[in-house]
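Trainee: Could you walk me through this model and the terms used to describe it?
Mentor: Gladly, let's take a look together.
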Amino acid sequence: MAMNKTKTKAGIGVIGLGVMGKNLALNMENKGYTVAVFNRTIKKTKKFAREVSLSGKIIGTYSIKEFIGSLQKPRKIFLMVEAGKPVDEIIKKLVPWLAKNDIIIDGGNSNYKDTERRIKKLEGVGILYIGMGISGGEEGALTGPSIMPGGSKIAWLKVKKILEDISARYHGKPCCRWIGSGGSGHFVKMIHNGIEYGDMQLIAETYHIMLSIGMNNDQISAVFKKWNSGKLKSYLIEITAKIFQKKENGVYLIDKILDSAGQKGTGRWAVMSSLEYGIPLTIIAESVFARILSSFKRERLYLSKKLKIKSLRAKKPKIKELKKAFYASKIISYTQGFELMKAVSEEKKWNLNYSNIAETWRAGCIIKSLFLGKIAIAFKKNKQNLLLGNFFLNEIIDSQKSWRKVIIYAAQTGIPIPAMSSALSYFDGLRSARLPANIIQAQRDFFGAHTYERIDKKDGQFYHTNWTK
């Protein structure tokens with residue numbers, strides 16, 4: 001890297017030179033911006049200098065004081081550090097050096113509640129704060145990610161051009177839209193990650209069924225490749241097809257990978273928010289639990305020998321039936337994610353634009369897909385539940401028979417498909433005019449005098465019965 005040795009100051013600074021931070025700094029430099037960089041570990045800054053050779057538009061700094069001094073006013077500081085305590089620690093070090101109207105942008109996977117706390121605290125000393133979701137991984141950070149900024153609207157107007165310039169493009173339009181006030185940017189990114197969990201789990205369950213019906217890696221790859229040329233076209237389907245083709249020493253790499261999945265917390269946060277706001281997020285919840293269950297490898301190995309089942313004779317699903325089951329479940333997953341966004345938006349008065357959010361995800365991010373275009377159109381026509389729109393309602397109706405066949409097959413052969421089956425249960429619950437919750441209300445009233453409403457009375461009153469008399 002050709003360190004900037006002139007007195008030219010940077011238009012923006014990046015703190016945190018991990019993979020994402022480095023690539024975002026390079027992205028900014030490639031778009032013509034002069035960028036100051038700093039990392040708590042000086043070795044990383046020096047290593048960054050050795051790794052790349054640029055045009056001199058990156059200024060390497062080795063202290064907070066030097067970093068702040070290298071920035072134009074009002075200062076624009078991009079934080080790419082680990083979420084949680086590290087963000088608070090770096091903010092604490094920055095504040096004494098900052099002035100009124102300086103801007104801090106947190107581009108990490110912070111909890112939206114932490115973002116709201118930081119906004120309130122920093123606004124008290126005149127510092128503007130943006131909590132911003134970024135999706136696209138290592139490649140997206142370098143070539144153009146999907147960007148979801150929220151927080152200070154004043155700050156957004158000052159950094160809008162930079163953020164749009166470095167974001168992904170879909171048909172020439174930047175995949176960077178203003179989300180709203182408070183922690184909305186990080187909240188929407190959290191929902192994005194939760195939906196990502198659901199998509200990945202549904203793909204994994206589909207793969208499990210494909211194995212059970214005797215398909216090999218080449219055949220599975222071919223199916224996903226074909227799906228990626230139609231309405232299921234997406235980044236995750238595309239990379240899945242490629243994963244099944246990768247070999248090491250003539251052996252498929254997928255068959256060497258331990259079946260124990262990790263997670264970093266955003267999916268769990270989404271599920272916790274669903275409980276807090278009373279919105280069923282069943283597919284994402286089951287996807288989180290499936291990852292947790294996968295980590296019980298020792299127990300699974302032991303019980304696989306002890307808990308043998310006798311599989312029933314089951315008719316193998318056709319690939320076109322499996323495709324419809326996957327697609328219907330995907331519709332439910334996105335329906336649930338947007339329902340949670342709607343509930344929190346109404347509670348916090350964020351006034352989220354769901355069509356804009358779907359369009360922001362159409363390029364640059366992990367869940368980018370053709371499917372999101374239909375969601376964007378649906379929300380332009382109707383801001384209610386996705387299933388209330390004709391397109392998705394008709395797709396679900398068309399998929400129902402195949403969906404049920406796949407789930408019956410999995411149950412009969414002992415294949416766990418928690419996400420796909422919970423999607424169908426949610427759909428069946430949502431379409432039921434009457435559910436058995438009346439017995440639950442009677443039980444609650446019996447043991448706890450929690451009262452209940454009556455359908456034979458229109459007075460809006462709650463009743464209690466002495467059930468033992």
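Trainee: Which residues touch the most other members of the largest nonpolar core?
Mentor: F338, M341, W361, I375 and W403 do, out of 80 residues in that core. Helix 14 (residues 319-348; helices are DSSP runs of H or I, at least four residues) gives the most to this core, 13 residues. A word on the basis: this is a predicted model, where local features need pLDDT of at least 70 and side-chain atom pairs count only at pLDDT 80 or more, while totals for chains, interfaces and linings use all residues. Residues are numbered from 1 along each chain as its sequence is written, and side-chain values use heavy atoms, leaving out hydrogens and water.

Trainee: What makes a set of residues a nonpolar core?
Mentor: Its members are buried (under 20% relative accessible area, 1.4 Å probe, protein chains only) Ala, Val, Leu, Ile, Met, Phe, Trp, Tyr or Cys residues joined through side-chain atoms within 4.5 Å. A second, separate core of 29 residues includes V14, F48, F78 and L163.

Trainee: With which residues is M341 in contact, leaving aside neighbours within four places in sequence?
Mentor: F187, V188, I191, L352, Y354, I357 and W361; contact means heavy atoms within 4.5 Å.

Trainee: How do you know how confident the predictor is in the protein chain?
Mentor: By pLDDT, the predictor's confidence in each residue, from 0 to 100. The chain averages 93, and 97% of the residues score at least 70. Over residues 1-6, however, the pLDDT is below 50.

Definitions and conventions. Buried < 20%, exposed > 50% of the residue type's maximum accessible area, 1.4 Å probe, protein only. Helix = DSSP H or I, 4+ residues; strand = E, 2+ residues; numbered from the N terminus.
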